Amino acid sequence: MDTSFEQDRLVGLARRTDDLHLVHRLRRLRRSPGLRALVQEARVTTDDLMLPLFVVDGSGKSEPVESMPGVFRESVDRMIERARSASDIGIRAVILFGIPDLKDAIGSGSHDSEGVVQRAVTALKEEIPDLVVVTDTCMCEYTDHGHCGLLDDRMDVDNDATLAALAKIAVSQAESGADLVAPSGMIDGQVGVIRGALDEAGHEQVGILSYSAKYASAYYGPFRDAAQGAPSFGDRRGQQMDPSNGSEAIREAAQDLAEGADLIMVKPALAYLDVVRRLRRKFEGVPLVAYNVSGEYAMVKAAAERGWLAERSVVLETLTSMKRAGADIIITYHAMDVAQWIHEAS
Ligand code: PBG
Ligand code: ZN
């Protein structure tokens, strides 16, 4: 055989493959479910999901949140049942928001050892010990004015006075058994003060999930409905980030990590996936959480109810985009549905 002829022929073929079939080459790996699964990059798993739960005083209560179909405000006994179903289908973690009957100017209920969140954590740890319990550490659910901290004479959130209050809240949540505390008020220095207070109280093992980049967003509308925690005057733009700013999120996260945050968060998720991406790149190795907030949930639910969107596909696609952007963990009101869908698909 003329080997040089054979060589030329093969080289010719190779070149042809390169030149003419570029597009075709990418489609090759999309031909079957098996191939697609093999090359899949981002994937949402049940392990990544954290379910938010709203807890109220009393017993036997389960009140639907109007703007969030499928979400309820529940007393501890009913909340436990929901948490158990979540755990039974593989959900690893819940984040608790307490809504006490009584609110006052200084948010006294927030650090009460018999407070609504403290009782909820105690019960969860007793009934479902393996479930990771995270507590929202903020004052807005407990103050009658609805702001995330103590107010000064000018009715502005007093940063440093609020720090001391947050430290007390975090310690009382840790005392009840919280695995992670999640300061959400964007009060400067909150992570450092909470870390110090937790350590001093002997809770070195309790971690901090910081709402590092929390934007002043209209997407929180339904949550404020659920938590009855809208500010009675003014807004939160004095604390929360301006939606125009991306680089500032890096400063916020860097500061939180320097103060001892164990996990960082971007909130809301969908309109801020660029921020998720930037924090992922900048802080490789730090667990990154995306909060798929109430307004994102409500939009999908509303459209799905009208038959305008296919809920399941839209939710899975949206959550996958958060993983693709770089989130490790997603806080979502869809968590139980998603766990069920993943379960059915496997
Ligand atoms: C309170 C808090 C809010 C959310 C989580 N913690 C509301 C706010 O800042 O006004 C919003 C969550 C959601 O919209 O799902 N600090
Ligand atoms: Zn708050």
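**Close-up views of two ligand sites**

**View 1. Arginine 224 reaches ligand 1 in this predicted model.** An N or O atom in the side chain of arginine 224 lies 2.6 Å from an oxygen atom of ligand 1, a polar contact (a pair of N or O atoms within 3.5 Å). Glutamine 240 also takes part, with a polar side-chain atom 2.9 Å from an oxygen atom of the ligand.

As for conventions, residues are numbered from 1 along each chain as its sequence is written, while chains are lettered from A and ligands numbered from 1 in the order in which they are written. Local features need pLDDT of at least 70, side-chain atom pairs count only at pLDDT 80 or more, totals for chains, interfaces and linings use all residues, and side-chain values use heavy atoms, leaving out hydrogens and water.

**View 2. A shell of 17 residues surrounds ligand 1.** Here a residue counts if one of its heavy atoms lies within 4 Å. Lys214, Arg224, Lys267, Ser294 and Tyr333 are the closest. The shell comprises nine nonpolar, three polar and five charged residues.

**View 3. Cysteines hold the zinc ion (ligand 2).** Cys138, Cys140 and Cys148 coordinate the zinc ion through their SG atoms at 2.2 to 2.3 Å (donors are N, O and S atoms within 2.8 Å of this metal). The site is tetrahedral, with angles of 96 to 122° among its four donor atoms (all angles must lie between 85 and 135 degrees). Along the chain, the donors follow the spacing C-x1-C-x7-C.

Technical notes: Polar contact = N/O pair within 3.5 Å; in protein donor to acceptor, adjacent residues only side chain to side chain. Nonpolar A, V, L, I, M, F, W, Y, C, P; charged D, E, K, R; others polar. Donors = N, O, S within 2.8 Å, 3.2 Å for Na, K, Ca; no water. Tetrahedral: all angles 85-135°; square planar, octahedral: opposite > 155°, others 65-115°.
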